[in-house]
Each structure stands twice: as structure tokens, then as C-alpha cells.
Amino acid sequence: MKKSFFTLAIATFVMGSIFISCKPNTEKEQAAQESVDSAKVAVTEAEDDLDEAKRAATAEEWQEFKDDTNAKIEENNAKIAELKLEIKKTGKEIDKSYQKSIDTMEQRNKDLKAKLDTYKNDVNSDWQSFKREFNHDIDLLGQSLKDFTVNNKN
């Protein structure tokens, strides 16, 4: 009986050891699965954020932006035409450098108009980035024209 009790004890010990050694692997697998699941959720949220950032402008928002920008471009064209007339009236030698500056600003204005006309408002474009850069560029040109007028009158 001692022998069978001893054998039963050893068998129980071996089975218990196997059972206990398997349990941590299951816990590790569960922890790994939870990590994978949370990573998938994080990736999905990041993709959603990216899609939101890259969303195309609504038709109304795009048209409003385009109308406002075209008005600014036309305003710049009017200022440029006015500056050209002033230079023709004075006939001074320094007007050649002014003319070159005016021509440069006129070309920048045309480039902005072309950039606006060629922009495709779709989901693959980054609307917010385009809008921010374009507004920055047109504001710089407007400021250059304003500063040029101030410097030219002095």
C-alpha cells in the first residue's frame, strides 16, 4: 500500500506540475493577446485621426475658401497695376529695381492663382495643410505689397 500511495503521490505531483506549468503560458498568451488587441485599437484610432486631419473640405467650405482667396488675388492684382502706373509716371532710374520687384510679386500672385486652380479637393489631399500654407503665402505677398507701397512713397 505504501508503494501505491507513493506512486499515486508522484503521479499527482507530476500532473500538478504539468498543470501548473501550463497555466502561466496561458496567462502569457492572454496578456499577449490583450496587448495585440490594444495595439489594434490604437492603430485604428490613429488611422481615424489621420483621416480626420486629411479630410477633404466640404463643398461649401471649399467654395468659400476659393472665393475669399480669389478676392485677395484680385486685390493684389489691383495693387500691382497701381504700382506699375505710379512707376510709369515718375520715370526715375530707381524705378527699374522697383519694376523688377513688382514683376516678382506679380509672378508670385500668378503662381498662387495657379496653385489654387490646380488643387484637387479630395480625400487623398491634406486640406488643412494646404489651407494653412496657402493662407500663409498669400498673406506674405499681401504684406510685401503693403510694405512696398510704404517704402515707395518715402
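View 1. Phenylalanine 6 has its place in helix 1, which covers residues 2–53, where helices are DSSP runs of H or I with at least four residues, strands are DSSP runs of E with at least two, and both are numbered from the N terminus. The model is a predicted one, in which local features need pLDDT of at least 70 and side-chain atom pairs count only at pLDDT 80 or more, while totals for chains, interfaces and linings use all residues. Residues are numbered from 1 along each chain as its sequence is written, and side-chain values use heavy atoms, with hydrogens and water left out. Phenylalanine 6 counts as exposed because its relative accessibility is 54%, given that exposed means over 50% relative accessible area, buried under 20%, and partly exposed in between, with a 1.4 Å probe and protein chains only. Together with Ile10, Phe13 and Val14, Phe6 makes a nonpolar surface patch of about 420 Å². Patches of this kind are made of residues with over 30% relative accessible area and no salt bridge, with nonpolar side chains (Val, Leu, Ile, Met, Phe, Trp, Tyr) joined within 5 Å and like charges within 9 Å.

**View 2. The whole chain, as a setting for the close-ups.** Of its 154 residues, 20% count as buried. The accessible surface of the chain comes to about 11,500 Å², and 58% of this belongs to carbon and sulfur atoms; accessible areas come from the Shrake-Rupley method with a 1.4 Å probe, and for residues only the protein chains shown count as cover. Among contacts in the chain with a separation of 6 or more, 78% are between residues 24 or more positions apart, a contact meaning heavy atoms within 4.5 Å.

**View 3. The largest nonpolar core.** This core has 19 residues, of which Trp62, Phe65, Phe130 and Phe134 touch the most other members. Helix 2 (59–90), helix 3 (95–118) and helix 4 (127–153) each supply at least two residues of the core, and the largest share, 7 residues, comes from helix 4. A nonpolar core is here a set of buried Ala, Val, Leu, Ile, Met, Phe, Trp, Tyr and Cys residues joined through side-chain atoms within 4.5 Å.

**View 4. Aromatic rings of helix 2 and helix 4.** A search of the whole structure finds 6 aromatic pairs. In one of them, phenylalanine 65 and phenylalanine 130 are arranged edge-to-face, with 6.3 Å from centre to centre and 70 degrees between the planes. This pair links distant parts of the chain, since phenylalanine 65 lies in helix 2 and phenylalanine 130 in helix 4, 65 residues apart. Rings of Phe, Tyr and Trp (its six-membered ring) pair if their centres lie within 6.5 Å, and planes under 30 degrees apart count as stacked, over 60 as edge-to-face and the rest as tilted. Phenylalanine 65 is buried, with a relative accessible area of 6%, and phenylalanine 130 is also buried, at 10%. Trp62, Phe65, Tyr119, Phe130 and Phe134 form one aromatic cluster.

View 5. Side chains of opposite charge can pair when their charged atoms come close. One of the bridges joins lysine 131 and glutamate 61, at 3.9 Å from N to O, and this pair links distant parts of the chain, with lysine 131 in helix 4 and glutamate 61 in helix 2, 70 residues apart. Lysine 131 is partly exposed, with a relative accessible area of 26%, as is glutamate 61, at 22%. Glutamate 106 forms a salt bridge with lysine 84, the closest N and O atoms being 2.8 Å apart, and here glutamate 106 in helix 3 is linked to lysine 84 in helix 2, 22 residues away. Lysine 79 and glutamate 75 form another salt bridge, with 3.6 Å between the closest N and O atoms; both residues lie in helix 2, 4 residues apart, about one turn of the helix.

**View 6. Lysine 66 and its contacts.** Lysine 66 lies in helix 2 and is partly exposed, with a relative accessible area of 23%. Leaving aside residues up to four places away in sequence, lysine 66 touches Leu116 and Asp117. The C-alpha atoms of lysine 66 and aspartate 117 are separated by 8.9 Å, although the two residues are 51 apart along the chain.

How values were computed: A salt bridge is a side-chain nitrogen of Lys or Arg within 4 Å of a carboxyl oxygen of Asp or Glu.
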